[in-house]
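Hello,

Here is the structure I promised to pass on. Please open it first, and then read my notes below with the model beside you.

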Amino acid sequence: MRGKAQIIVKSFTWQRDSHGLFDYECKTLTKKSLKATQSSILTRNGNDVHVNKDWEKKINPKESDLLKLHVKDGNFWIAAC
């Protein structure tokens, strides 16, 4: 029997605006590992990325939605926000 579906997401963020490109010269890179076990939205507020399990309610108006994770038939699907 298979266990409950889960996905591990590794995020890398930085403060400086680099026009949407990865900043290879950044000295203050923030790394974070997140785990989702149900349908969720990944959000970002500054350098903080977290898993929001409540689809309908935005916890903080300053947050930006990054992507949606859908669980269907025991598998995760990634969708744009």
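Leaving aside its neighbours within four places in sequence, His50 is in contact (heavy atoms within 4.5 Å) with Lys32, Leu34, Ile41, Leu42, Thr43 and Glu63. His50 sits in strand β4 and is buried, because its relative accessible area is 18%. For the cut-offs, buried means under 20% relative accessible area, exposed means over 50%, and partly exposed is in between, with a 1.4 Å probe and protein chains only.

One of those partners, Glu63, deserves a look of its own. The side chains of His50 and Glu63 make a polar contact at 3.1 Å. A polar contact here is a pair of N or O atoms within 3.5 Å; within protein, one must be able to donate a hydrogen and the other to accept it, and residues adjacent in sequence count only if both atoms are side-chain atoms. Glu63 lies in the loop between β4 and β5 (64-72), and with 6% relative accessibility Glu63 also counts as buried.

Before going further, a word on how to read all this. This is a predicted model, in which local features need pLDDT of at least 70 and side-chain atom pairs count only at pLDDT 80 or more, while totals for chains, interfaces and linings use all residues. Residues are numbered from 1 along each chain as its sequence is written, and side-chain values use heavy atoms, with hydrogens and water left out.

Now the overall picture. The protein chain has six strands and zero helices, in the order β-β-β-β-β-β along the sequence. Strands (E, at least two residues) and helices (H or I, at least four) are DSSP runs, numbered from the N terminus. Of the 81 residues in the protein chain, 28% count as buried. Among contacts with a separation of 6 or more, 36% are between residues 24 or more positions apart.

How do the strands pair? Two strands count as paired if DSSP finds at least two bridges between them. Strand β3 (residues 40-45) pairs with β5 in the antiparallel sense over five bridges, and in that pairing Leu42 stands opposite Leu67 of β5. Leu42 and Leu67 are 25 residues apart in sequence, yet their C-alpha atoms are 5.4 Å apart in space. β5 also pairs with strand β6 (residues 75-79), again antiparallel and over five bridges, with His70 opposite Trp77 in β6.

β5 and β6 form a hairpin with two residues between them. Asp73 is in that turn, and its phi is near 55°, a positive value in a residue other than glycine. Asp73 counts as exposed, since its relative accessibility is 70%. Lys72, in strand β5, is exposed as well, with a relative accessible area of 52%. The C-alpha atoms of Lys72 and Ser39 are separated by 8.7 Å, although these residues are 33 apart along the chain.

Next, the interior. A nonpolar core is a set of buried Ala, Val, Leu, Ile, Met, Phe, Trp, Tyr and Cys residues joined through side-chain atoms within 4.5 Å. The largest one has 10 residues: Ala5, Ile7, Val9, Leu34, Ala36, Leu42, Val49, Val51, Leu69 and Phe76. At least two residues of this core come from each of β1 (7-13), β2 (30-36) and β4 (48-52).

Leu42, in strand β3, is buried, because its relative accessibility is 3%. Beyond its neighbours within four places in sequence, Leu42 is in contact with Val9, His50, Val51, Ser64, Asp65, Leu66, Leu67 and Leu69.

Best wishes
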